[in-house]
Each structure stands twice: as C-alpha cells, then as structure tokens.
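Okay, thanks for coming, everyone. Let me put today's structure on the screen, and then we'll walk through it together.

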Amino acid sequence: GRSGDLAGRRVIITAGGTHEPIDPVRYIGNRSSGKMGYSLAIEARDRGAHVLLISGPVALPAPYGIEVQRVETAVQMRDAVYSSITDADVLIMSAAVADFRPAEPAAQKIKKVSGQARGQSETDAFSLHLVQNPDILKDLAEPLQESHNRNEQPRRRLIRVGFAAETEDIIANARHKLAAKQLDLLVANDVTRSDSGFATDTNKVLIFHADGAVEDLPVMAKSDVAAAIWDRVVPFLGTM
Ligand code: C5P
C-alpha cells in the first residue's frame, strides 16, 4: 500500500450482504461474499487508517487490527453506520444492502399448508409482504449533513463511496446512482462476468467520478482493486 497516506483517518467500510428475516429460521439474502469490503478494510489498515468494518453475515475471519461490528439486517447496518459516522472521514458502502425486507417477520416458523387443507390447488402461491429498507448512503447525502451541523462547528466533510452491482446498463445505472446519492465516487461491477462480482477473488470495475469521468479498470485481484480505490479517495482528504 501507499504507506501511511491514511494515517490518522477514520474510515467506515460496510461489507457483505444483509439477511432480512422471514421467520426464525429463514431470511432473504444475496450472494455478496464480503471479499471486496474486507479487502478495502485491510488496505486502509495497511495505509494507517483506523478502520471500522461493519459486516453482514459472511464466511470471512475478522482481519487483524480492524474493529469489526457484525450486523444482520439493513436496519442494523444503518444504525451501526449512524452511531459511528460523526468522527468518520470516509464511508465506503461496499455492502449489498437488501432493498426490501419482510414487513413483519413471523414469530414462529411458517408451515406449509396443503392445498387441500386450504381448499385450493397444490400449486397455490404464498406471498410475502415486503417493505423498502432505508437507503443508508442516500440518507447521508448533503441536506442531512447540513441540518445535523446547524448548531455545531461545521465538521469535516464525509467522503462517501458507493458500489453498484449491475447486471445490465452498467454505465447508465451507475451514473444515476452517483448523482442520486450525491457520491464522491461510485465503483460499478458487472456481476454477470465470471471473473467479477460475488464470491470471486478478482473484480472488473468501472470507477465513476462526480465530474462525469469514468475509468475502466482491468480485471484485478480484489486487493489491487482496493488499492486503486483508496488511491482515488486519498486526494479528497488532502483538501480538508
Ligand atoms: O442497491 P444500490 O444499487 O442502490 O446500491 C448502491 C449503493 O448504495 C451501494 O454502495 C450500497 O451499499 C448502497 N445502499 C445503501 N442502502 C441501501 C441500498 C444500497 O446504502 N438500502
């Protein structure tokens, strides 16, 4: 890593997916392995940052020298981010946050009911009622930061970096997300490629900048992608 260029900085990285409970034994989840987020955390540690890694359920061990807070749901992830955000210089949301959660998880395991018992056909459907989760990154966009600071010293600006896992229209979707969430950088990967995205050790990403510039990086180890991302975040910190 670029030795020490994050010394004294506090960075928050979210990683992995979220699990949204359906009942005590089932959840809605996604394929995120957490590898990209853990690589970002390790790279930041090696460059001297104080790292808080807020991790969804993943199969990875807690990296040495990194404070790890484990969460399951999107709401828990939001609460963990909010509790630590005041002192942070950078937030990188690499977590695949579930967009929806079951409105009311069942208190007991949901049983199958035979079609006959319900007087309906065997193929009858079962529906889950979902509600939208909070958008953690979007809710931290500028207006909220300003109101938060109204009666306080203006605090250091929080650099916010988002990820986008796309299966189609990568460029249009990424540009839209960067603008809608007012991000400093957005890293987009094509999760339909076998060498990119979930569970792989390599990633093929595009990095979108707020001024409209786009960088198309080659397939690289996730640790090298992490270094490339921090190389682009550090200049934002220099101006503070
Ligand atoms: O899900 P989406 O493609 O909009 O995710 C883009 C970025 O927003 C990611 O960095 C993700 O971690 C973040 N996000 C979030 N809260 C959500 C959904 C996504 O912070 N509820």
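Let me start with a question: in which loop is L137 found? L137 is found in the loop between β8 (130–132) and α3 (142–148). For element names, helices (H or I, at least four residues) and strands (E, at least two) are DSSP runs, numbered from the N terminus.

Quick caveats before I go on. This is a predicted model, so local features need pLDDT of at least 70 and side-chain atom pairs count only at pLDDT 80 or more, while totals for chains, interfaces and linings use all residues. Residues are numbered from 1 along each chain as its sequence is written, and side-chain values use heavy atoms, with hydrogens and water left out.

Now the overview. The protein has five helices and 14 strands. Of its 240 residues, 44% count as buried, where buried means under 20% relative accessible area, exposed means over 50%, and partly exposed is in between (1.4 Å probe, protein chains only). As for contacts, meaning heavy atoms within 4.5 Å, take the ones between residues at least 6 apart in sequence: 63% of those join residues at least 24 apart.

Back to L137. L137 counts as buried because its relative accessibility is 6%. Leaving aside neighbours within four places in sequence, L137 is in contact with L91, M93, R160, V161, G162, K181 and L183. K181 lies in the loop between α4 (170–180) and β10 (185–190). Not counting residues up to four places away in sequence, K181 touches D135, L137, K138, A141 and R160.

Both of those residues carry an annotation. UniProt, in an unreviewed entry, places the feature "binding site" at D99, K109, P134, D135, I136, L137, F163, K177 and K181. Those positions are spread over 83 residues of sequence, and they are spread in space too, up to 37.2 Å between C-alpha atoms. UniProt positions are in the numbering used here, feature names are shortened, and annotations may be inferred rather than shown by experiment.

So where do the annotated residues sit relative to the pocket? The lining of the largest pocket includes D99, P134, D135, I136, L137, F163, K177 and K181. On a 1 Å grid over the protein atoms alone, a pocket is an open set of points with protein on both sides within 12 Å along at least five of seven lines, a cavity is a set of points where a 1.4 Å probe fits but cannot get out, and lining residues have an atom within 4 Å of a point.

The largest pocket has a volume of about 910 Å³; grid points are joined across faces, edges and corners, and a volume is the space filled by probe spheres set on the points. Of the 39 residues lining this pocket, the closest to its centre are A95, A96, V97, D99 and F163. The elements giving two or more residues to the lining are α1 (35–46), β9 (159–166) and β10, and β9 provides the largest share, four residues. By class, the lining has 19 nonpolar, 14 polar and six charged residues. In that count, Ala, Val, Leu, Ile, Met, Phe, Trp, Tyr, Cys and Pro are nonpolar, Asp, Glu, Lys and Arg are charged, and the others, Gly among them, are polar.

Follow β10 over to β12. β10 and β12 pair in the antiparallel sense over five bridges, and two strands pair if DSSP finds at least two bridges between them. N189 stands opposite V205 in β12. Is strand β12 buried or exposed? Five of the five residues of β12 (residues 205–209) are buried, so β12 is largely enclosed by the rest of the structure. Both faces are covered, with V205, I207 and H209 on one side and L206 and F208 on the other.

On to the next strand: three bridges join β12 to β13 (residues 214–216), and the two run antiparallel. F208 has V214 in β13 as its bridge partner. Their hairpin has four residues between the strands, and there G212 takes a positive phi near 100°.

D169, found in the loop between β9 and α4, has a positive phi of about 45°. D169 is exposed, with a relative accessible area of 57%. Q182 has a positive phi of about 50° and is found in the loop between α4 and β10. Q182 is partly exposed, at 38%.

That's my tour; over to you for questions.
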